[in-house]
Amino acid sequence: MRFLLVDPPHKIWTILRAWTPSPGCLQLLAYLEREQFDIEYMDCTLNENPWRDLEEKIRREKPEVVGISVICTAFVYDGMNAANLIKAANPKTILIMGGEHPSFMAEETLRDCPAIDYICVGEGEVTLTEFLGAIEKKQDLSKVLGLAHLNEKGDFVYTGDRPFIEDLDILPMPAYHLAKMEHPFVTLPSEGRRGLVVNFSRGCLWDCTFCSESAFYKKTWRRRSPKLIADELQLLKEKYNRDIFYVGDNTFNVKREQGIGFIEEMLKRKTKQHFWLQSRADLVIRDEDLLDGFREAGVYQFMMGLEYHSDSVLKDIKKHQSVEQAVKAMELLKRHKLMVMATLLIGHWDETENDRTEFFNFFGKYVDHFGLNLITPLPGTPLFYQMKQLGRIKDWDYRNYDYLHAVMSAKEVEDLEQLNLIYRDIMRRYYWRPREMFKMFSSNPILRHHHRYYITKVAFNIMMHEVFGTPIWVQPNYQEYKDYLVERGEGLPKALMALAK
Ligand code: B12
Ligand code: SF4
């Protein structure tokens, strides 16, 4: 029995123009491969004609089961469109979808897209293994935990929560050999070095109201041990020539030992790789004595969710962190010659124009890299249920749930387009300051390169969009599903066209 795992055609990380195979997909594939399933991977984001190639592959090869991965809410319609296309190309295909968004919104997703037969709720490795095994042996699927579907009567059925894998060290190395690692697009913008996004832990112990990761992993945290992390990085260096990484772990050093182990391993291996890690301000302060070690081990930047410049907002979103801690952490990182990236949230309900000016002045002073976001009620998060109940969600088009578009109104700014303009205006004001321009000539090569890239490509693109209405950048091979259906012309089944989101 053949299983094809599909990363559907979707926009890549438009803000940084970064292409990377999904770490979750590579982990799933490695697990299935070890269980000796006949598997294949199709990362449609890399195909020249993503929809056409997917359709032709299904018609030609007819895999019995196809899995579709949807890791961002913003990609869910792409996943549904892929499901419709696959089902139309081969109605016998058994389709299973997984990822954060379909897990949280399983019933809604199944009802919105009848082409999807099953949803894997939660972590995928064991559920998918049992699911494929049961299909192969024609066994009862009701015994497979973590599966949702609609029965013949149309009722929603869920087999119950699958416990998390206790020890992530039991997982095999992600299946890089099944990804197109040599494809020239697969990299991060990074000073001529080849980069990748990697992931070594799952979850987080905090419970910020807007955070889907904490909700998905139910406020738990597990990690790969530093030795296995270093093995993976060494393989990426030696076999795939990767030198620079965005480490996607939400909070890398939840436990101090994780940081210590990572530093020790990377110093021992001497791979000369570079890392952008994510953490919290309080943990950076706690691990002050490790900061030089992190730098020597190759870390060049810490990204922290600092969110806002006022304690009352931080309290409201349950950040469990103070503005004072944010300042201290930023100062410490600078002192230890580590770059500071802050992810920030604007668009809070009570926010005023004055707050935004203070916000801009506050973060504008400290950060090397400004990760501005619009607060977004991601389905599954406490914020989502809270905002839904208060009736503040004004845009239900999930494509816009990417932190770059306003989907909730604020007390003083009801019009979402106005909030979008405010967002873009802050971005523009930030990046066109002389201080940011000077960074294009910084003695720090990563900062210099990053700012050159960001200002000449991203900020310039946003400015041109604002002034002349030129389109916002998207990868050249991206195609809207509707456009593909139109391109296919007369043979187009009407039902399929109607389903295109
Ligand atoms: C890698 C990554 C990316 C890659 C995606 C590459 C790709 N080809 O898909 C890149 C860098 C392109 C990216 C971009 C974005 N990302 Co991103 N990204 C991540 C990151 C760091 C890792 C994901 C991962 O692999 N996790 C580890 C694995 C183990 O978990 P998983 O993916 O959930 O997979 C497990 C299960 O979900 C399940 N599963 C998943 N798929 C399937 C499929 C089947 C068939 C089955 C059975 C099971 C299954 O099994 C897996 C293994 O257990 C996460 C943060 C994180 N730590 O997770 C954010 C994250 C997914 N990204 C996020 C966001 C918001 C974005 C952006 C919208 C950011 C932005 N503002 O630009 C953009 C989207 C770009 C756009 N539209 O323009 C959010 C999504 C939140 C949400 N619910 O929508 C996350 C959670 C980060 C966060 N907390 O904010 N991202
Ligand atoms: S600290 Fe970060 S990862 Fe943890 S719950 Fe808050 S936002 Fe999510």
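This is a predicted model: local features need pLDDT of at least 70, side-chain atom pairs count only at pLDDT 80 or more; totals for chains, interfaces and linings use all residues.
Which residues do ring pairs link into a cluster?

**View 1. The aromatic cluster.** Tyr308, Phe359, Phe360, Phe362, Phe363, Tyr366, Phe370, Tyr430, Tyr431 and Tyr454 are linked into a cluster by ring pairs. In the model as a whole, the count comes to 26 aromatic pairs. One of the pairs, formed by Phe359 and Phe370, is tilted, with 6.4 Å from centre to centre and 55° between the planes. Phe359 belongs to helix α14 and Phe370 to strand β15 (residues 369-374), so this pair ties together parts that are 11 residues apart in sequence. Phe359 is buried, its relative accessible area being 0%; Phe370 is likewise buried, with a value of 2%.

**View 2. The pair of Tyr431 and Tyr454.** These two rings form a tilted aromatic pair, 4.5 Å centre to centre and with 35° between the planes. Because Tyr431 lies in helix α16 (residues 416-431) and Tyr454 in helix α18 (residues 445-468), the pair ties together parts that are 23 residues apart in sequence. Both Tyr431 and Tyr454 are buried.

**View 3. Polar contacts of ligand 1.** An oxygen atom of ligand 1 lies 3.0 Å from a backbone N or O atom of Gly124. A polar side-chain atom of Glu213 is also found 3.0 Å from an oxygen atom of the ligand. On the side chain of Asn199, an N or O atom is 3.3 Å from a nitrogen atom of ligand 1.

**View 4. The shell around ligand 2.** Ligand 2 is surrounded by Cys204, Trp206, Asp207, Cys208, Phe210, Cys211, Ser214, Asn250, Thr251, Arg280 and Lys319. By class, this shell holds 5 nonpolar, 3 polar and 3 charged residues.

**View 5. The second largest pocket.** This pocket has a volume of about 360 Å³. It is lined by 23 residues, and Val313, Asp316, His348, Trp349 and Asp350 are the closest to its centre. Helices α12 (311-316), α14 (353-366) and α15 (382-390) each supply at least two residues of the lining, and α15 gives the most, with 4 residues. The lining divides into 9 nonpolar, 8 polar and 6 charged residues.

Methods: Residues are numbered from 1 along each chain as its sequence is written. Chains are lettered from A and ligands numbered from 1 in the order in which they are written. Side-chain values use heavy atoms; hydrogens and water are left out. A residue is near a molecule or strand if one of its heavy atoms lies within 4 Å of it. Ala, Val, Leu, Ile, Met, Phe, Trp, Tyr, Cys and Pro count as nonpolar, Asp, Glu, Lys and Arg as charged, and the others, Gly among them, as polar. A polar contact is a pair of N or O atoms within 3.5 Å; within protein, one must be able to donate a hydrogen and the other to accept it, and residues adjacent in sequence count only if both atoms are side-chain atoms. On a 1 Å grid over the protein atoms alone, a cavity is a set of points where a 1.4 Å probe fits but cannot get out, and a pocket is an open set with protein on both sides within 12 Å along at least five of seven lines; lining residues have an atom within 4 Å of a point. Grid points are joined across faces, edges and corners, and a volume is the space filled by probe spheres set on the points. Rings of Phe, Tyr and Trp (its six-membered ring) pair if their centres lie within 6.5 Å; planes under 30 degrees apart count as stacked, over 60 as edge-to-face and the rest as tilted. Buried means under 20% relative accessible area, exposed over 50%, partly exposed in between (1.4 Å probe, protein chains only).
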